[in-house]
Amino acid sequence: MKAKTTEGREIELEPKTVDGLKMRLLGPLFVPGDAGYEESRTVWNSMIDRQPAVVARCRGIADVVACVQFARENDILLCIKGGGHNIAGLAAADGALMLDMSLMRGVWVNAQKKVAHAQAGCLLGDVDRETQVHGLAAVLGFVSLTGIAGLTLGGGFGYLTRRWGWTSDNVVGMDVVTADARLVRASDDENPDLFWGLRGGGGNFGVLTGIDYALYPVGPEVLGGIVAWPASEAPRVLELYRTLAEDAPVELTLVALMRLAPPAPWLPKDFHGKPIVALLACYSGRPEEGEKFVAPIKSFGNPIGDVLVRRPYAQLQSLLDGTQPKGRRYYWKSEYLPRIEPALCKKVIEHSAMIRSPHSAVILFHIAGALNRLNEEHSPVGNRDARYVLNITGSWEKSDDDGANVEWTRAAWNDMKRFSTGGTYINFLTEDEGPERIKAALGKGAERLAVVKSKWDPQNVFRTNRNIKPA
């Protein structure tokens, strides 16, 4: 069986060597041809098609430790799959030993301390389900099928970011298996340098096995949903978005998007496949208070669909799941924005009119608030001047359409990146993004990350990520 070393050299992995690892694990181990191998190795973005030599589905920390030991003993490349949702496909690597964490999905909530401990294989929906039992929520993302580990290691933002900051700002502790196969705790009090690096610096220092999140009173009912209009209304709707977002209380998060109308039951059939503009809103405070803030949206013009209503918070968290199913082809570009300018809105309208796929979109996320109040050095995610995120989301079905959709995404990005702060979101970087884009995501934190890397992973065992090499 062919495998790759950490330096990329091809080696032969003997069956008895693989059997030796299998004997050390509680979870199953797969090689190509085994039932379960294909399911474990595949990731959300079908543009990524890599073939690990071995896949270990870890059932606990002991399995993770055994796999890291095995990789070190045999000089085999390691890759780590949480939710597998990363657009660049960082979970998978050819010839590697893949640690598939998807069986580690336990969540334990301490309602009195307002802290949840979640295993690294959890999806966002797993955490929301358990925390909402207590009327609490962690600061997570917008799609419930996203893995918590990758989201958190890259910063993370969602409906609650305006109130409480990046996802990584709200982590109070992490459990990590290091490059020398030790389980260590990372927090403000224990290994604070490692803790700093993990909160936005990516999966560069070890295998994350558990995360402790601070929780906040949210729900179980919030005011949230979408209102949509024909694209002909886009100039007025985006101006409404721009003005409302500037003055919105932090409890209100607003997202603007333009795309072709999906075949959703809340949209008239005669609009399916036609260009629309929509506003997505979440008011995470008391719903009755939120109604006055979303009233200008609900009363604006003549919408073709309105599902901006009181609903369970966990339901809102999964509202966008259908727009990003596993198995499509995805290519994105993103930038942080300091403001929404009228000139940018014109470009959003212009490039949305040239969308090549019924699944693609141009999206503006409002994130200003708590994250801006911390200094740039607080964590490597940085970008404390960001107030919005521009996300150009190419999404389509067939490989024959790769060229046209990638071209549309890049053209839109090249035309709109002039409005950027100069920063970008590391979790939205695609496979072809180079070191200059990683620097744009991490800013000044990159130098300090290299120092942390030198201490915790001097041999660069963990390299199948947005790699910061040892100093």
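Here are some friendly notes on a helix pair and a few loop residues in this predicted model.

1. Ground rules. Residues are numbered from 1 along each chain as its sequence is written, and side-chain values use heavy atoms, with hydrogens and water left out. Because this is a predicted model, local features need pLDDT of at least 70 and side-chain atom pairs count only at pLDDT 80 or more, while totals for chains, interfaces and linings use all residues.

2. The α11/α12 pair. Helix α11 spans residues 342–352 and helix α12 residues 402–416; their axes come within 10 Å and cross at roughly 165 degrees. Helices here are DSSP runs of H or I with at least four residues, and strands are runs of E with at least two, numbered from the N terminus. Axes are lines fitted to C-alpha atoms, for helices over the stretch in contact, with angles from 0 to 180 degrees between N-to-C directions. The two helices are therefore roughly antiparallel (an angle over 145 degrees).

3. Who meets whom. On the α11 side, Leu344, Lys347, Val348, Glu350 and His351 are in contact with Trp408, Ala411, Ala412, Asp415 and Met416 of α12 (heavy atoms within 4.5 Å). By class, this contact has six nonpolar, one polar and three charged residues.

4. The buried face of α11. Leu344, Cys345, Lys347, Val348, His351 and Ser352 are the buried residues of α11 (buried is under 20% relative accessible area, exposed over 50%, partly exposed in between, with a 1.4 Å probe and protein chains only). They cover an arc of only 160 degrees around the axis, so they sit on the same side of α11; the arc is that of the directions from the helix axis to the C-beta atoms. Their cover includes α8 (234–247), β15 (252–260), β19 (329–337), β20 (361–366) and α12.

5. Alanine 181. This residue lies in the loop between β10 (171–177) and β11 (183–186) and counts as buried, at 12% relative accessibility. Leaving aside residues up to four places away in sequence, alanine 181 touches Val65, Val68 and Gln69.

6. Backbone spots to look at. Most residues other than glycine have a negative phi, and most peptide bonds are trans. The bond from glycine 219 to proline 220 is cis, with omega near 10 degrees. Aspartate 75 has a positive phi near 50 degrees and is partly exposed at 31%, whereas asparagine 460, with a positive phi of about 55 degrees, is buried at 8%.

Key: Parallel < 35°, antiparallel > 145°, perpendicular 65-115°, else oblique. Nonpolar A, V, L, I, M, F, W, Y, C, P; charged D, E, K, R; others polar.
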